[in-house]
Amino acid sequence: MRSRKPTRRKLLGRDLVFFRGKDGQVVALTNWCPHRNASLAQGKSIFPGTISCPYHGVTFGSDGKALAFLGEGPDSEWCDSKRSNARHYPTRTLKGLVFVWMGDGEPAPIEEDVPPEFFEEHSLVMFSEQRWAVNWRASLENLQDAHVFFVHRNSLEVLSQDEQGLKLLLQMGPNRPTTQIVNGRALVFENPRFFDFVDSNQERKTQSTRPFQETYESLGGARFPTTDFRLRLSRVMGFLRKHLRPKMDWLVDDPEWAQGVHMPTTFRLDYQSHIYSRTVTPEDEDNCWIFYYTTTYPRTPRRRLFNKVLFHVYYDWKQHRNFSGQDKKIVEALNYENPSEKFSSSDAFPMAWRRMVIENARQQKGRVGRG
């Protein structure tokens, strides 16, 4: 038996209520009853496919149409006006996740905004979410810049790298490849595999000849990193990776979805063993929801079960709580509205992303985006 209790969620500054229609699919309406602005989320689905306001019993269908006014009885004429209807937001449920179109007018094709694995029959998409107390822009702009090794230097993700992977994270320096926009929807590097960890033969494609510990004359000859512990650990991890990691190839061939930031707010990485995606959905000006999607393609039911267990007991913590949790701590304390940012050349990617949002966002009047 399906729950009669609706769910409330705030997206893009708007309060929505979610419940199931007669066909069992999740539908979304504005949370506020047009009668006296009571919260529909406090009501119930007394009748299949409807939701009844807890205040006066106004009952709405899954399309938002006011069907009955239980407090006034069957002779009530209040429902006859279109102004009595609650706003309806189109939804689509894919792989257990509900996607909502928050704009006015007809929704844009969902395939333009949602990663392709959500439409593939054999893909296994596992996900989790976090709420960050920061504007959505700041939570998406700490990508492809110079923060990774410094902020994440003690994360399990960095500590498990082999020597060349560790040096790649540390020594990308101030210069980055130029960026390009794909189909007006994705921002990627012209060299799409610049940040690749390994090629299909498990060999590093980017090699570094610079010393691990570099000298800073401006700091009196001090070296950073201050110790070579991570370097020595990376050699152990490299040995294990070489002998234990099977050969794999890329899971995504389409450059629009392989690696980079995709409109409206999704960051993507193809790890060969899985696809990592992080999507930001604004809640309001000061808060946002972070959704993490990990996609694999298990060939057997046993492998499918193993991937689910691995995600919930290990990967979700390693990548989302441990690694991204370090980002969360930093960006929640940013003074994002301070106009005195002084950019470096290593900020080329986030700068290009800001420009892309301004120049390529859907411009139709009233459209807000897909939550």
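Let's start in the loop between α3 (156-159) and α4 (163-170), where Gln 161 sits. This is a predicted model, so every value here is computed from its coordinates. Is Gln 161 buried or exposed? Its relative accessible area comes out at 3%, which puts Gln 161 in the buried class, because the cut-off for buried is under 20%.

By residue class, the lining of the largest pocket splits into 18 nonpolar, eight polar and seven charged.

Now zoom out for a moment. The protein has eight helices and 18 strands, and its C-alpha atoms fill a box of roughly 85 × 55 × 35 Å along the principal axes. Of the 371 residues, 48% are buried.

Some of those strands make an open, antiparallel sheet of four, ordered β1-β2-β3-β7. At its edges stand β1 (7-11) and β7 (88-89); each has a single partner strand, so one side of each lacks a neighbour in the sheet. What holds β7 to β3 (residues 26-30) in terms of bridges? Two of them join this antiparallel pair, and Ala 28 is the residue that stands opposite Tyr 89 in β7.

Cysteines are next. A search of the whole structure turns up zero disulfides. Cys 53 is in none, and its nearest cysteine sulfur, on Cys 33, is 3.9 Å away; a disulfide would need the two sulfur atoms within 2.5 Å. Cys 53 is buried, at 5% relative accessible area. Cys 288 counts as buried too, with a relative accessibility of 0%.

A few backbone details are worth a look if you're checking torsions. Where are the cis peptide bonds? One joins Phe 224 and Pro 225, with omega about -5°, and Pro 225 is placed in the loop between β14 (222-224) and α5. Another runs from Met 263 to Pro 264, with omega near 0°. Pro 264 belongs to the loop between β15 (260-262) and β16 (266-270).

Then there are two glutamines with positive phi, in each case a residue other than glycine. For Gln 144, phi is near 55°. Gln 144 lies in the loop between α1 (136-140) and α2 (148-151), and at 9% relative accessibility it counts as buried. For Gln 272, phi is near 75°. Look for Gln 272 in the loop between β16 and β17 (275-284); this residue is buried as well, with a relative accessible area of 3%.

Conventions
Residues are numbered from 1 along each chain as its sequence is written. This is a predicted model: local features need pLDDT of at least 70, side-chain atom pairs count only at pLDDT 80 or more; totals for chains, interfaces and linings use all residues. Side-chain values use heavy atoms; hydrogens and water are left out. Helices (H or I, at least four residues) and strands (E, at least two) are DSSP runs, numbered from the N terminus. Buried means under 20% relative accessible area, exposed over 50%, partly exposed in between (1.4 Å probe, protein chains only). Ala, Val, Leu, Ile, Met, Phe, Trp, Tyr, Cys and Pro count as nonpolar, Asp, Glu, Lys and Arg as charged, and the others, Gly among them, as polar. Two strands pair if DSSP finds at least two bridges between them.
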